[in-house]
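The following note sets out several points for a colleague who is examining the model shown here. Please read each point alongside the sequence and the coordinates.

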Amino acid sequence: MAIDPICGMEVDEAKGISAEQGGEWFYFCSPHCREKFLAPSSNSGATKAQIASDQAKHSADDTAIYTCPMHPEIEQAGAGSCPICGMDLEPKGIPTEDAPTELPAMTRRFWWAVTWTIPLLLLAMLPMVGWNLEAYLDHGWNVTLQWSLSTVILFGCGWIFFARGLDSIRSRHLNMFTLISIGSGASYVYSVAAILIPGIFPQGLRGPTGEIEVYFEVSGVIITLVLLGQVLELRARHQTSGAIRDLLALAPTIAHRVRDGLEEDLPIDQIHAGDTLRVRPGEKVPVDGELLEGGSAVDESMLTGEPIPVEKSPGDHLIGGALNQTGAFLMIAQRVGNDTLLSQIVHRVAEAQRSKAPIQKIADRISAVFVPAILGCSALTLAIWLFAKPDEPAWAIVNSVAVLIIACPCALGLATPMSIMVGMGRGAREGVLIKDAEVLERLESIDTLTVDKTGTLTEGKPSMQAIITLGDQAADLILARAASLEQNSEHPLARAITDAAKAKHLSLATAEDFQSITGGGVSGTVSGDAVLLGNEQLLETFNVVGVDKLQAARETQASGKSVVFVALNLKAAGMLVIADPIKPSTPTAVAALKRSGLTVEMLTGDNTQAAAAVAAELKLDAYRAALNPEAKHEVVKQLQKDGHKVAMAGDGINDAAALAEADVGIAMGTGTDIAIESAGVTLVKGDLRGILQARKLSRATMRNIRQNFYFAFGYNLLGVPLAAGILYPLSPHLLLNPMIAALAMSFSSVSVIANSLRLKKTDLNFPFPANAASHPPQKS
C-alpha cells in the first residue's frame with residue numbers, strides 16, 4: 001500500500017490515482033489530492049514530494065480550535081475531549097477529508113482489544129460449556145491469565161475511558177464515561193479482590209473447591225464493545241458533515257488565466273478580481289464572475305438545486321464551482337477566495353451545524369441529572385439484591401454493574417445535534433441556507449408568510465410588455481425614438497426601453513437638445529422629430545394634442561402597469577407599457593404555499609393599482625401597498641401581536657427591518673447583502689419554491705429529532721429496569737448480562753446517528769398536501 005503524499009491515507013497502487021514527479025510515482029486517494037499535488041508551488045527550495053509530505057505530517061494543527069458536537073459552547077486549542085460529555089472534540093469550522101480525528105486511534109484500540117478479548121472469553125467460557133480446560137491449564141494459571149488479559153484491555157486499550165471518567169468526576173460533569181469506568185472498574189476490582197483477598201467473601205460465593213468466581217471477561221468485553229460503539233459513532237459523525245465536503249469538492253484548484261494573449265495555469269488562491277479566465281468544456285467555473293466572451297450551458301445544481309443546466313451568454317453571472325458543460329468561454333473574475341458564493345455557503349452551513357436548537361434545552365436539563373440518577377439506581381439495585389439474596393451477593397454486583405453500563409446519556413445528547421447537522425447539509429444541497437438551528441425549529445410553526453413584491457414575487461427588472469399606438473403611428477418608430485432619447489440613462493424604465501429596442505435590432509440615433517424634467521420625464525430632438533417621453537402631466541404641460549386618448553387607452557389596455565407616454569412633434573403618438581414581470585416559478589410556488597396551510601400576504605412599496613394587479617394574478621390572500629420600510633416592520637409586529645407566527649420574504653434594503661423582526665426572515669439569494677444578513681434563511685436561487693423546501697426540511701428535521709428523543713428515552717426507560725432485574729420474578733433467565741448491556745449501550749448512540757442520517761435522503765421536492773382553499777385577495 002502506498003501513502004497519499006497530501007492527506008496521508010493508505011492507497012492501493014492497483015486502484016489509486018497516480019502521478020509522476022521527479023522520476024518517482026505517487027498515488028492518491030482522490031482527484032482532489034492529485035490536483036493539489038500537481039498544482040504549481042512557489043516553494044523553490046524543496047521538491048514537490050517533500051512539500052506534500054510535510055503537509056501530510058503537519059496536517060494536525062495544534063493551534064486549531066476544536067469544539068464538541070453536543071456542546072458547541074466548548075472550544076479549546078488543539079484536540080481533546082469535552083469536559084461536559086467526554087466526547088471527542090472536532091475541528092471547528094469547515095471539515096475536510098484530511099482533518100485529524102480520533103477515529104484512527106480509536107479503531108486501533110478496538111482491534112487490539114478484540115485481539116486480547118478473544119482468548120479472555122475462551123478462558124472464561126470454555127469451562128462453562130463443558131470443556132475440561134483444567135486438563136491443560138491449572139485453574140490458578142487460568143485466572144492469572146484472565147487477570148493479565150483484562151488488565152491489558154482495560155488499562156491499555158480502554159485507558160481513555162477511565163481518564164475521561166476521572167475527568168468527569170473532577171469537573172463534576174458526570175457522563176457516560178463515568179458510568180463505563182465505574183461499571184467495568186467494579187467488576188475488575190471485584191475479581192482482583194477475589195484473587196488477592198478471597199477471605200473477605202462469604203462462603204456462599206465459593207465454588208466446590210473454595211474458589212471465588214471472577215468476572216474479568218465482563219470488564220474486558222464491556223471495554224471492547226464500548227470501543228466498537230465509539231468507532232461506529234465516529235464514522236457516523238463523519239458522515240453528518242458530508243454535505244460540506246461535497247460542496248468543498250466543487251471548488252477547482254487550478255484556473256486558466258489569460259493575460260496579454262498568453263494563458264497560464266495558476267492555483268486558485270492566486271486569482272484576483274479583474275483577472276480574465278478561460279473555462280473549457282467539462283471544467284468547473286473557478287470563481288464568481290461575469291461571462292465575457294463565448295457561451296455555454298452551465299450546471300449549477302450542486303449550488304442551487306436546479307437540475308436543468310442554465311444557458312449563459314456574455315454579461316451573465318457565473319457561480320464558482322458550477323460545471324461548464326458544452327462550450328468554452330472567457331470570464332472576468334469578480335469574487336474570489338472567501339467572497340465567492342460557494343465559500344459563503346460552506347461557512348454558513350458549517351456555523352449553522354454547530355448551533356443549538358431550543359428543543360436541545362430539554363435534553364440538556366435531563367442530562368444534568370441523568371448520570372447521578374443512574375448511579376442512584378445502581379446503588380439501589382445493589383441494595384435490593386443484597387437484601388433479596390444475601391447468600392448470593394454476586395447477583396447484586398452483576399446487576400448493579402449492568403445498570404451502570406446499559407444507561408446511555410450520549411444517545412439523549414446526540415438526538416438534536418446530529419439531526420441538525422444532517423438537516424442543514426441537506427438544505428444546502430438544494431440551495432436553502434439556514435442560519436441556525438433555532439430558525440430551522442421555528443420554520444415548522446409558521447402560519448403566515450408576508451412577501452415583498454419587487455425582486456421576490458417579480459423579476460425585479462422592468463421589461464417592455466407592449467407598445468400601444470394612436471392613429472397610424474408605427475410601433476417600431478415610437479420605440480426607436482424613445483430608445484434614442486433614453487439610451488444614455490441608467491433609470492430602470494429607460495433600460496427597459498433600450499433593451500426592447502436592442503432586442504428588435506432597431507437602429508438608434510443621437511438625441512439633440514436633451515433635457516431631463518424632474519418628476520416628469522425627458523425631451524429632445526431625434527432625427528428631426530421633437531420627442532417627449534414621460535407622464536401625462538409632462539404632456540399636458542407642453543399642451544400635447546390627444547392626451548385624453550392616451551388616458552383612455554391606459555384604462556382599458558394597461559391597467560395596473562407602468563406606462564410611459566410618447567409624443568412626437570407635440571402630438572400624442574402612443575405609450576410604452578412597462579412592467580416588472582412575475583417570476584415564472586412564482587404562481588406555482590404561491591399556490592403550493594397556500595395549499596400547505598400558509599396565509600400569503602404581499603407587502604409592497606408600489607402603488608395600490610400595481611399591487612392589486614399582482615395580488616389578483618397570483619390569488620394572494622391579502623396585500624398592502626404604498627408601504628415604506630418602517631410600515632412593513634410595523635405590519636409584521638402587528639401580525640405577531642395577533643398571535644401569528646410570521647415569516648417575511650424579501651430581497652432589498654427596504655425589507656431588512658421586517659426580515660429581522662419576523663419569526664423567520666427569508667432572503668432571496670439574488671438580493672442585497674443587508675437583506676441576506678438580516679434573514680434566517682437564504683434561498684440561493686431566489687425562488688419562492690425554496691420556502692416550501694425549507695418548511696419541509698424543518699418538519700422532517702424536527703420529526704427526526706423527536707424520533708431520536710423517543711428512542712433515547714425509551715431505550716433508557718426500558719433498559720435500566722431490565723438490567724436491574726425487574727423481570728427476574730418471571731424467570732431467572734430474564735436477567736441481563738453486563739456484556740449484553742454494553743453491546744446495547746454501544747449501539748444506542750449509533751442508532752440515533754443512523755436515524756439522523758436518514759435525513760440525507762429526504763425528498764424536499766415532494767408536494768405538500770392540499771388543505772387550504774383559495775379566495776380573492778383582500779386589501780389590508
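1. In this predicted model, six strands make up an open sheet whose order is β9-β8-β10-β16-β11-β14, with antiparallel pairing. The edges are formed by β9 (262–267) and β14 (317–318), each of which pairs on one side only.

2. Within that sheet, strand β11 (residues 288–294) and strand β16 (residues 329–335) run antiparallel and are joined by six bridges.

3. Turning to helix packing, the axes of helix α5 (residues 159–171) and helix α6 (residues 176–196) approach within 8 Å and cross at roughly 120 degrees. Helix α5 is therefore oblique to α6. The crossing of these two helices is left-handed.

4. Which residues make the contact of α5 with α6? On the α5 side they are F161, F162, R164, G165, S168 and I169; on the α6 side they are F177, T178, I180, S181, S184 and G185.

5. R109 deserves a separate comment. Its place is in helix α3 (residues 103–125). Is R109 buried or exposed? Its relative accessible area is 14%, so R109 counts as buried, the cut-off being under 20%.

6. The surroundings of R109 can be listed as well. Leaving aside residues up to four places away in sequence, R109 touches E102, C157, W159, I160 and L227.

Note on methods:
Residues are numbered from 1 along each chain as its sequence is written. This is a predicted model: local features need pLDDT of at least 70, side-chain atom pairs count only at pLDDT 80 or more; totals for chains, interfaces and linings use all residues. Side-chain values use heavy atoms; hydrogens and water are left out. Helices (H or I, at least four residues) and strands (E, at least two) are DSSP runs, numbered from the N terminus. Buried means under 20% relative accessible area, exposed over 50%, partly exposed in between (1.4 Å probe, protein chains only). Contact means heavy atoms within 4.5 Å. Axes are lines fitted to C-alpha atoms, for helices over the stretch in contact, and angles run from 0 to 180 degrees between N-to-C directions. Angles under 35 degrees count as roughly parallel, over 145 as roughly antiparallel, 65 to 115 as roughly perpendicular and the rest as oblique. A crossing is left-handed if the near helix is turned anticlockwise from the far one by less than a right angle, and right-handed if clockwise. Two strands pair if DSSP finds at least two bridges between them.
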